[in-house]
Amino acid sequence: MQTRSLLTGIVIVLTAVCLVIGAATGHDDTGLPRPDLRRSGPTLNVVATLEHYGSIAKIIGGDRVKVSVIVKGSQNPHTVAVKPSYSVLFNKADLLVANGQLIELGWLDVALISARNARIQEGHPGFVNCSIGVDIIPYSADEIEGTPFFILNLGVGGTLKLGNHHYWLDPGNTAIIGRNIAEKLAEVDLPNAAYYRGNEEHYAMHLGEKLKEWDKLMEPFRGMQLVSYHRSWNYLLRRHGLKVFDYIEPKETLPPSAAYMASLVDRMKRSGIKVILAETYQNRSIIDEIARQTGAKALVLPSSVSEDQGIKTVFEFFDRIYAELVPALRAAKTSS
Ligand SMILES: [Zn+2]
C-alpha cells in the first residue's frame, strides 16, 4: 500500500512540474501561444509595415498584442502611397515592426513625422528593423542606378550602396525576424519578456523542423537556372543553390522595353530556361507573353503572408511556395 501511495505521489508531483513548465513557457505543440495563459497588463499595439511581419508578430506576441498592418500581402510593397490613417495607427503604437533595407522608403518617414510618437522612431526601443543580423545581398550599381528607388534614396541623403530588401523570402531568415521582434517586445514590455521569449523559442523550433522538410524538397534542383520577374526570389534561390538566369525587369522595378524582352526570350530559348518566377502584383500580360514565346512555365506566386489570398502564417506561406515551385522544377528538369 505504502509503495502505491508513494508512486501516486510521484505521479502527482511530476504532473504538477509539467504543468508549471508549460505555464512558464506559455505555448503548446501547435507553435502558437496558449490563449489560456493570459498575462497581466494592457495589450500592446503593434503596427507592422508589411502583412508578412504582422503575421510573425502575432505568433511572438500572442495574446499580449493587437497587431495592425499597413501594406497587405497582396499589394505591391514598392508602390505605397502614404495615407493619414497610417499616422493615426502609428500614433497609438507601442511597437513598429519594419522590413528595413529601404523598402518603406518614401512613405514610412512621412507617416512617422505626422504620428508624433517618439517611442517608435528608428533607433528607439519601439522600432524593430527586422533585417538586423540578416546576410543581405547587395545590389550591383547597374541593377539600381537611375531607378526611382535609387533616385529617391539619394534625394534624402542616402548611400549609393543598397541591399536587396526581399530577404523575407528565404525561410531561414524567418528565424532572425522572429528573434528581432521577440527582443524588442521583451524590451518594451519587460514584465512579459519570458512570455515573448517562450513563444519565440517554440516558433523557432517548429520553423527548424519545417526548414529541414523544405530544404530536402529543393535538394534535387541545385544548380538549376530560372528567370525571375523582379529581384525578389534571390534569397530563396541562394538558400537552395539555384541561380537567376536573368530578370524580366532590366533594373529594380523598371518595366522591360520591347527590345529587352525580345533579347531575353532569345537568350532563354538558347539556354533552355523553363521556369519563370513572378509575384501576383506584377504585369500579367508581360509574364504570359514571355512564357508563350519561350514555352517556359510561369509561376505567379504570392510574395507574402496574405489573408486575402488565404495565407495566414509564414508556415502556410512557404508550404504554398514550395507546393508550386517543386513540381515546376521537377518538370523542367525532366524535360531538359
Ligand atoms: Zn524590390
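Biologist: What does the pLDDT average for the protein?
Modeller: The average is 90. At least 70 is scored by 88% of the residues.

Biologist: Where is the pLDDT below 50?
Modeller: Over residues 10-30. That stretch still has 16 contacts in the model beyond near neighbours in sequence. Where pLDDT is low, the predicted coordinates should not be read in detail.

Biologist: On to the sheet. What is the strand order?
Modeller: β2-β1-β3-β4, an open sheet of 4 strands with parallel pairing.

Biologist: Which strands stand at the edges?
Modeller: β2 (65-71) and β4 (127-129). Each has a single partner strand, so one side of each lacks a neighbour in the sheet.

Biologist: How many degrees are neighbouring strands turned against each other?
Modeller: 20 degrees on average, direction ignored.

Biologist: And how many bridges join β3 and β4?
Modeller: 3 bridges, in the parallel sense; β3 covers residues 95-98. Leucine 96 has phenylalanine 127 of β4 as its bridge partner.

Biologist: Now α2. Which strands does α2 lie across?
Modeller: β1 (44-50), β2 and β3. The helix runs at about 150 degrees to β1.

Biologist: At what angle do α2 and α8 cross?
Modeller: Roughly 120 degrees, with the axes coming within 7 Å. α2 is residues 51-61 and α8 is residues 193-218.

Biologist: Which residues make that contact?
Modeller: From α2, Ile59, Ile60 and Gly61. From α8, Tyr196, Asn199, Glu200 and Tyr203.

Biologist: What about the split by class?
Modeller: The contact of α2 with α8 has 4 nonpolar, 2 polar and 1 charged residues.

Note on methods: Residues numbered from 1 in each chain as written. Predicted model: local features only at pLDDT ≥ 70, side-chain atom pairs only at ≥ 80, totals over all residues. pLDDT = per-residue confidence, 0-100. Contact = placed C-beta atoms within 7 Å. Axes fitted to C-alpha atoms, helices over the stretch in contact; angles between N-to-C directions. Helix = DSSP H or I, 4+ residues; strand = E, 2+ residues; numbered from the N terminus. Nonpolar A, V, L, I, M, F, W, Y, C, P; charged D, E, K, R; others polar. Pairing = 2+ DSSP bridges.
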